[in-house]
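Subject: Structure for your study of aromatic rings

Dear colleague,

Please find below the structure that I am handing over to you. My notes on its aromatic rings follow.

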Amino acid sequence: MCAYRMCTFGGMLCRVVPVLWLVLSVVSGFNLHAERPAVYGGPEGSYFGYSVDFYRPTPESSTLSVLVGAPKANTSQPGIIEGGAVYYCPYPPNPDSTKQPYSCTQIPFDNTNNRMIKVNGTREPLEFKSHQWFGASVRTHKGKVVACAPLYHWRAVKVNGEKDPVGTCYVAVQNFSAYAEYSPCRTNDPDPEGQGFCQAGFSVDFTKEGTLVVGGPGSFYWQGQVMTAGVAEILNGYSLKAVLRRVQGEKQTHAAADTHDDSYLGYSVAVGEFTGDSEQGKRQHFHPCVAVINSTNLTFIMNFTGEQMASYFGYSVAVTDLNGDGYDDVLVGAPLYMERERESKPKEVGRVYLYLQHSPLTFSEPLLLTGTHTFGRFGTAIAPLGDLNQDGYNGKLTDHNKCFSEPQACGLELGPMNISLWNI
């Protein structure tokens, strides 16, 4: 069971999704075991399960675990309230729940309290980690891990010491033996017109080569921006004392004309191959469309535009090769999409758009997958789960016309505010 709502607070974006998260275990024949799922639990009220990803220490390792974000968890950090946490959960979990109630342990990304600064002879906080939502986003790539706190504030470089929600992330490597902070919007460019409301880490991903991609939808009067940096460069020379630090080789998108205000670029990010030259593109929400950005120079290549204003087209994006033709395909969620039985009575059901890539940057008209439950917000989250039915495809193409008229025929829907499996 899931509950969902959108909100804004003090000019900040927030996503509140308390969930019960299930890991469906692998069995022979068909690899979803609905009767005996592996279930993990976390501290009550922590939003345990807000973000999840699988983790292997090395590509060759046979050990698999699950990383789970709990952005409202309390930690042992001195003086920090609900700083948020990320948990390491072995897979399969401990079957004896009496010995280890949650079978998960907190990863020590950051054990420190707020750094301090002297102001007129008085020590005051330089940063504010309480209620920062650490663990709101978690991603892994070949032993590398990143977890972010998009509501992390710091004392901007101003006389009045105003707090800016710049966001911050932590990367971990070598099986969590080395850590470093990456806060690309903690700069000398404060306030809403700069990077002061950036909320870096609202979304995050890795390229196939392992370069970190961070979305910050609040920069430049909520135009938003995207930042990329190498993990090795983030770790190299890292120091807690380096509050204002520009990572070597870092790239950022910059402010555009004010007509692009409130676009929320970086609200959601996913990485794939779109140009046919081994240079990957990143897809981000850019109101009211989704933009493809070249990873080499962060220039915009093309856009996909939603069909309905306020449908939140681009709230979620995912990239995977669904039909096995060697080209990455794109799925875009619009969870507030409204279907109209009558003009006076719209139904908010949500919709997912599937764009099949036939050749570099050549996509089909979207295949539409529409929710069937009013206020179900279908498309809030999309994840490429791979070849579930073991037929050799990440997805299987069937009768497109039937999918348009009967979405249930394309898969199994498990109910509103829950998980749907689609066989495309």
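The charged end of K72 lies over the ring of Y47, 5.3 Å from the ring centre; a charge sits over a ring if NZ of Lys or CZ of Arg is within 6 Å of the ring centre and within 35 degrees of the ring normal. K163 likewise has its charged end over the ring of F128, at 4.7 Å from the centre.

This is a predicted model, in which local features need pLDDT of at least 70 and side-chain atom pairs count only at pLDDT 80 or more, while totals for chains, interfaces and linings use all residues. Residues are numbered from 1 along each chain as its sequence is written, and side-chain values use heavy atoms, with hydrogens and water left out.

Rings of Phe, Tyr and Trp (its six-membered ring) pair if their centres lie within 6.5 Å; planes under 30 degrees apart count as stacked, over 60 as edge-to-face and the rest as tilted. The count by this rule is 21 aromatic pairs. Y47 is in the loop between β4 and β5, and W133 in the loop between β11 and β12, 86 residues apart; strands are DSSP runs (E, at least two residues), numbered from the N terminus.

F304 belongs to strand β25 and F363 to strand β32, so the pair ties together parts 59 residues apart in sequence. Both residues, F304 and F363, are buried.

Yours sincerely

Definitions and conventions: Helix = DSSP H or I, 4+ residues; strand = E, 2+ residues; numbered from the N terminus. Buried < 20%, exposed > 50% of the residue type's maximum accessible area, 1.4 Å probe, protein only.
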